[in-house]
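Welcome! Please take a moment to look over the sequence and the model, and then we can walk through a few of the features together.

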Amino acid sequence: MKSVVIVGASLAGLSAARALRAQGFGGHLTIVGAETHRPYDRPPLSKEFLAGQMTTADLALEADGEDLDAEWRLGVAATALEQGEPLRITLADGSVVEADGVVIATGAIARTLGTGIGDSLAGVHTVRTIEDASALRADLDAARRLVVIGAGFIGAEVACVARTLGLDVTIVEAAPTPFARALGPEMGAALAGLHEDHGVRLICGAAVRALTGDGRVDGVLLEDERRLDADVVLVAIGARPAVDWLDGSGVRLGDGVVCDSDGATSVPGVVAVGDCAAWFDPALGVHLRVEHWTGAARRPATAARTLLSGGAAVPDGLAPPYLWSDQYGMRVQFAGHTLPGDEVSVEEGDLASRRFLAVYRREGRTVAVLGIDQPRSFTRWRRRVNEPAGAR
């Protein structure tokens, strides 16, 4: 293989470039990115960067003096992939990049409420890019009331920052319990309690009908006719994989790019990594997108080996998904994957203190671990995730 193009210049793309070079690839390497920025760290956007504790320079992922001997094509998105020898990537400026191998690392796009639901109002935000976070911070500085739509980790982190800035904060969640999709109802309610302790109002089981305002948002109208006053609204209802540009390419798509457990796609010479990639997880028996930092940092090494070996690489085995979140000075950590019906028990600490470690089990096997302000215990229990029942 003499040439590789990586489509996506964030953490997963950078990790793929590093892995290719580390595994001996000495050919021409092209890195395409829709944003004008060099690779930067996204998790701090809703935490330290939003709070003014980090600068744009602090977000840089490349080490000082790091040189991957790559051609960078930044500020121009990929619009199509065409099979053949070589593979062809068409860019938004009309140019074409050809390569023997392709790494798809285009990430995800923040979901919105839908066309016509406040999409033309100032003061309505999502958080996915540096520009998003900078615009949100500017609005928070001049605001008194924030409504967060969606009780996920990004929304929770922004709510935490807004409370430290002195804003009145309300979180609206369509599900009956906040954070339930990731943590289950019992532990989701426990994490919600941490926010309520700090003055955040949570409204669950409520769908949003509309955003109100004349040019700028001034409220959120719920389906049950309640209206919430708002100077700023954050829409934090998840993200969808950025794979529209692959329509018609022959790359199999589902909830993202469908991959084997080694990152291989349905097209020879093409692998996928990061938030856009749905790798097959043998432990669960399903294809699963892992939208977390650790997946974007670690899985590209396996995908690079797959690409360089022509698809004959031996899968490393997928490490359980891991995420962390800093909220109100406490570290929230979660590893694994939960399903409805999993048993959950508090092994250390207690729910009332908001400092505890909970373990999720399925058929006697540990499948996930949640720790709030329990870093040492969490590290110990995390090693047990997906071990056979009865191990240790």
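Two strands pair if DSSP finds at least two bridges between them. With that in mind, and remembering that this is a predicted model, let us begin with strand E5 (residues 87–91), which is joined to E6 by 4 bridges, the two strands running antiparallel. Which residue of E6 is the bridge partner of Arg88? That partner is Glu98.

E5 and E6 belong to an open sheet of 3 strands, with antiparallel pairing and the order E4-E5-E6. Strand E4 (78–82) and strand E6 (96–99) are the edge strands, each pairing on one side only. On average, neighbouring strands of this sheet are turned by 20° against each other, direction ignored.

Next comes helix H1 (residues 11–22).

Is H1 mostly covered or mostly uncovered? H1 is mostly covered, with 10 of its 12 residues buried. Among the buried residues of H1 are Leu11, Leu14 and Leu20, along with Ala12, Ala16, Ala17 and Ala19. Gly13, Ser15 and Arg21 are buried in H1 too.

## The largest cavity

Now for the empty space inside. Rolling a probe the size of a water molecule over the atoms shows where empty space is left. A search of the whole structure finds 2 cavities of 30 Å³ or more.

The largest cavity holds about 90 Å³ of space. It is lined by 13 residues, and those closest to its centre are Asp281, Ala283, Leu284, His337 and Asn386. Sorted by class, the lining of the largest cavity has 7 nonpolar, 3 polar and 3 charged residues.

## The second largest cavity

How much space lies in the second largest cavity? About 50 Å³ lies there. Its lining is made by Val273, Gly274, Ala277, Trp279, Val290, Gly295, Ala296 and Arg299. By class, the lining of this second largest cavity has 5 nonpolar, 2 polar and 1 charged residues.

Which elements each supply at least two residues of that lining? They are strand E21 (277–281) and helix H6 (293–308). H6 gives the largest share of the lining of the second largest cavity, 3 residues.

Definitions and conventions: Residues are numbered from 1 along each chain as its sequence is written. This is a predicted model: local features need pLDDT of at least 70, side-chain atom pairs count only at pLDDT 80 or more; totals for chains, interfaces and linings use all residues. Side-chain values use heavy atoms; hydrogens and water are left out. On a 1 Å grid over the protein atoms alone, a cavity is a set of points where a 1.4 Å probe fits but cannot get out, and a pocket is an open set with protein on both sides within 12 Å along at least five of seven lines; lining residues have an atom within 4 Å of a point. Grid points are joined across faces, edges and corners, and a volume is the space filled by probe spheres set on the points. Ala, Val, Leu, Ile, Met, Phe, Trp, Tyr, Cys and Pro count as nonpolar, Asp, Glu, Lys and Arg as charged, and the others, Gly among them, as polar. Axes are lines fitted to C-alpha atoms, for helices over the stretch in contact, and angles run from 0 to 180 degrees between N-to-C directions. Buried means under 20% relative accessible area, exposed over 50%, partly exposed in between (1.4 Å probe, protein chains only).
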